[in-house]
Amino acid sequence: MATRRTFIGGAGGIGAATFLGHTAAQPDTAAAAVLDAAPAAEAVSTQTAARDSIRAVNAAMRTNYAALKADLVKNLGPVIVVQNDAKGGTFTLVHEGKRYVEHPVAEEFELAKSIAHVPLGIYSTLAEYLSDKVPNVGNADRIDAHDLDMVAMKGPGTDAWTTPLQAFADTLTTAKNNLPAARLPQKLQNSCAKILDEALTFIADSIRARAFDIASFQSFAARVYPAIRVNMTYAAEAQISGVQGLCRKWRTQIGEAAWADLYTVVLSIWTTSVLNQAEIIIKPMMNQKKVDTHLIDIPTAQLPSDPIGVALDNLARIVQDNIAAELVFVSDVKVADALKGKEDLLSDEILKQLGTPASSGATGVAFRAAGRAKCPVNHSLSI
């Protein structure tokens with residue numbers, strides 16, 4: 001639409017004579033460009049403002065959603081938050097506005113795992129100095145050549161690994177000398193001694209020869225594996241006993257009615273998010289009618305600085321979306337289940353447009369039962 005401002009501006013560009021009623025032979029190119037650009041610029045400005053007003057709707061929704069979540073976090077419970085760590089885990093019960101924090105796993109868990117990790121400690125010291133070629137070993141087909149190439153970034157052309165490996169050996173020697181004084185169960189003490197002795201022998205041989213390779217390391221690892229299994233047995237027994245005992249204590253503390261509605265949120269790293277040890281122990285102690293939707297794993301790249309805050313923030317999203325799904329998508333159960341779980345709301349439509357068959361088992365009733373148990377840190381709406 002022409003306005004007084006654009007009309008006068010255009011007239012000034014053509015010249016006073018034209019504005020006064022005298023016809024110019026032909027406007028110059030610059031003046032014509034001004035005439036063409038003004039309406040186009042105004043149209044773009046109008047479109048931008050219109051689109052910004054549409055974006056404002058989502059921004060307002062996010063503000064309202066965040067406000068609801070912030071209030072809901074304060075009203076959540078009962079919830080057990082599990083932080084896996086080297087000591088068997090930190091467990092926090094959130095109930096009626098209070099938090100109860102416990103470390104229920106006996107010390108044998110940490111000690112058994114510490115010595116069982118010796119081969120991994122040696123590997124971590126030597127890995128950069130491996131050859132980047134997969135050797136002719138029994139499991140060669142299971143070693144990804146590209147992964148090996150990336151790990152073996154320095155190669156075997158240097159013996160710089162001997163210094164850090166000797167430092168690790170010194171740590172192992174101290175542990176070996178102090179092992180009897182730790183007063184571990186005899187069978188656990190014996191397995192720890194076996195691992196330490198074999199490790200020190202492998203290190204001494206490697207440093208003396210100024211050489212090692214995948215085959216020699218695998219031979220060492222195979223010799224200590226039976227002892228590692230013993231340590232794993234003791235660690236598992238300690239964790240089962242500790243976690244089960246704590247759950248029984250908290251169940252009595254909050255009562256059966258509250259326990260029936262218990263949520264458990266496990267913060268895990270990706271590498272332990274399937275068959276997580278804490279989940280396996282807690283699951284049979286929860287209300288079996290609700291466990292598939294109330295036992296939630298949140299895989300993270302690394303444990304967050306505020307684990308309780310992260311757990312409750314995600315749980316609040318899940319709880320409020322459970323209700324939102326049944327109110328907003330009352331006419332489509334499949335989409336309602338997507339909002340309740342991990343599936344993105346656009347997934348089925350994207351699959352449809354790509355010509356991919358709709359997912360089976362990830363949506364509908366099966367999804368309701370299985371999908372909710374593994375919840376990523378960022379929920380469906382990505383708010």
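Biologist: In this predicted model, how far apart along helix H13 are Asp313 and Arg317, in helical turns?

Modeller: The side chains of Asp313 and Arg317 meet in a salt bridge, at 3.2 Å from N to O. Both residues belong to helix H13, and they are 4 residues apart there, which means a separation of about one helical turn.

Biologist: Is Arg317 buried or exposed?

Modeller: The relative accessibility of Arg317 is 9%. The cut-off for a buried residue is under 20%, so at 9% Arg317 counts as buried.

Biologist: Which helices are linked by the salt bridge of Asp348 and Lys334?

Modeller: The side chains of Asp348 and Lys334 meet at 3.1 Å, N to O. The two residues are 14 residues apart; Asp348 is in helix H15 (residues 347-353) and Lys334 is in helix H14 (residues 333-340). With 33% relative accessibility, Lys334 counts as partly exposed. The helices linked are H15 and H14.

Biologist: Which residues do salt bridges with shared partners join into one network?

Modeller: Side chains of opposite charge can pair when their charged atoms come close. The network joined through shared partners consists of Lys69, Asp313 and Arg317.

Biologist: What end-to-end distance do the C-alpha atoms of helix H8 show?

Modeller: Helix H8 covers residues 186-209, which is 24 residues, and at 1.5 Å a residue it should span 34 Å. Just after H8, Arg210 takes a positive phi of about 55 degrees.

Biologist: Is Gln189 buried or exposed?

Modeller: Gln189 lies in helix H8. Leaving aside neighbours within four places in sequence, Gln189 is in contact with Leu179, Pro180 and Leu184. Its relative accessible area is 17%, so Gln189 is buried.

Biologist: How far is Ala204 from Leu165 in space, C-alpha to C-alpha?

Modeller: Ala204 is also placed in helix H8, and at 34% relative accessibility it counts as partly exposed. In sequence, Ala204 and Leu165 are 39 residues apart. In space, their C-alpha atoms are separated by 9.4 Å.

Biologist: Which helix gives the most residues to the lining of the largest pocket?

Modeller: The largest pocket has a volume of about 500 Å³. Of its 16 lining residues, those closest to the centre are Lys113, His117, Met232, Ala235 and Gln277. Two or more lining residues come from each of helix H4 (107-116), helix H9 (214-254) and helix H11 (277-282). The helix that gives the most, with 7 residues, is H9.

Biologist: How many residues in the lining of the largest pocket are charged?

Modeller: The lining includes 11 nonpolar residues and 4 polar ones. The number of charged residues is 1.

Biologist: What is the relative accessible area of Thr92?

Modeller: Thr92 lies in strand E2 (residues 90-95). Not counting residues up to four places away in sequence, Thr92 touches Val79, Ile80, Val81, Gln83, Arg99, Tyr100, Val101, Trp250 and Ile308. Thr92 is buried, with a relative accessible area of 2%.

Biologist: What share of the residues in the chain is buried?

Modeller: The chain has 16 helices and 5 strands. Among contacts between residues at least 6 apart in sequence, 72% join residues at least 24 apart. Of the 383 residues in the chain, the buried share is 35%.

Key
Residues are numbered from 1 along each chain as its sequence is written. This is a predicted model: local features need pLDDT of at least 70, side-chain atom pairs count only at pLDDT 80 or more; totals for chains, interfaces and linings use all residues. Side-chain values use heavy atoms; hydrogens and water are left out. The expected span of a helix is 1.5 Å times one less than its number of residues. On a 1 Å grid over the protein atoms alone, a cavity is a set of points where a 1.4 Å probe fits but cannot get out, and a pocket is an open set with protein on both sides within 12 Å along at least five of seven lines; lining residues have an atom within 4 Å of a point. Grid points are joined across faces, edges and corners, and a volume is the space filled by probe spheres set on the points. Ala, Val, Leu, Ile, Met, Phe, Trp, Tyr, Cys and Pro count as nonpolar, Asp, Glu, Lys and Arg as charged, and the others, Gly among them, as polar. Buried means under 20% relative accessible area, exposed over 50%, partly exposed in between (1.4 Å probe, protein chains only). Contact means heavy atoms within 4.5 Å. A salt bridge is a side-chain nitrogen of Lys or Arg within 4 Å of a carboxyl oxygen of Asp or Glu.
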